Amino acid sequence: MYISLPLSNFCNRFLLKRQICKEFTDLLTQDRSPLGNSRPAPILDQGIQSCLTHFSLITHGFGSPAICAAMTSLQNYLNEALKPVDKMYLSSGSDTHGSSDNGSKASDKMEKHRK
């Protein structure tokens, strides 16, 4: 069964998903697990870093980079999915006087979340 969501709710969900992906990717890029002979100084809390190091060891060093690549692809997908919505908000905001205020508020809100 398909339940339609209001467009603003749809956009907010996409924006939240994109933000979560970005934060997760940022966390994984701070991973300083030892690779080969390199022993970089840790940036993250010891509890988090030890879990990431364990993950790196069991994936032979490929785990975090692979997940970062997948998260980047997901972020690109979410960005592309939001482009038609942006166009719709921008065109509806400039065409009608009654919804212009609501359209510009929604557009401003979406723009604020993207930064």
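This text walks through a predicted model, from its overall fold to single residues.

Local features here need pLDDT of at least 70, and side-chain atom pairs count only at pLDDT 80 or more, while totals for chains, interfaces and linings use all residues. Residues are numbered from 1 along each chain as its sequence is written, and side-chain values use heavy atoms, with hydrogens and water left out.

Start with the overall fold. The protein chain has 4 helices and 0 strands. Along the sequence, the pattern reads α-α-α-α. Helices (H or I, at least four residues) and strands (E, at least two) are DSSP runs, numbered from the N terminus. Contact means heavy atoms within 4.5 Å. Of the contacts in the protein chain with a separation of 6 or more, 58% join residues 24 or more positions apart.

Next comes the surface. The accessible surface of the protein chain is about 8,200 Å². Carbon and sulfur atoms make up 61% of that surface. Accessible areas come from the Shrake-Rupley method with a 1.4 Å probe; for residues, only the protein chains shown count as cover. A residue is buried under 20% relative accessible area, exposed over 50%, and partly exposed in between (1.4 Å probe, protein chains only). Of the 115 residues, 25% count as buried.

Now look inside. A nonpolar core is a set of buried Ala, Val, Leu, Ile, Met, Phe, Trp, Tyr and Cys residues joined through side-chain atoms within 4.5 Å. The largest one has 6 residues: Phe 14, Leu 15, Cys 21, Met 71, Leu 78 and Leu 82. Helices α1 and α3 each supply at least two residues of this core.

Charged pairs come next. Side chains of opposite charge can pair when their charged atoms come close. A salt bridge is a side-chain nitrogen of Lys or Arg within 4 Å of a carboxyl oxygen of Asp or Glu. The whole structure holds 2 salt bridges. One joins Lys 22 to Asp 26, with the closest N and O atoms 3.0 Å apart. Both residues lie in helix α1, 4 residues apart, about one turn of the helix. Lys 22 counts as partly exposed because its relative accessibility is 41%. Asp 26 is partly exposed too, at 32%. Another salt bridge joins Glu 80 to Lys 83, at 2.9 Å between the closest N and O atoms. These two sit 3 residues apart in helix α3 (residues 63-95), so about one helical turn separates them. Glu 80 is partly exposed at 47%, and Lys 83 is partly exposed at 43%.

Asp 31 lies in the loop between α1 (7-29) and α2 (46-58). Asp 31 is buried yet has no salt bridge. Lys and Arg count as positive and Asp and Glu as negative; His and the chain ends are not counted. The nearest side chain of opposite charge is Arg 32, 6.9 Å away. The Asp 31 side chain does make a polar contact with the side chain of Gln 49, at 2.8 Å. A polar contact is a pair of N or O atoms within 3.5 Å; within protein, one must be able to donate a hydrogen and the other to accept it, and residues adjacent in sequence count only if both atoms are side-chain atoms. Leaving out residues up to four places away in sequence, Asp 31 touches Leu 44, Gln 49, Leu 52 and Ser 64.

Ala 41 lies in the loop between α1 and α2. Ala 41 is exposed, at 59%.
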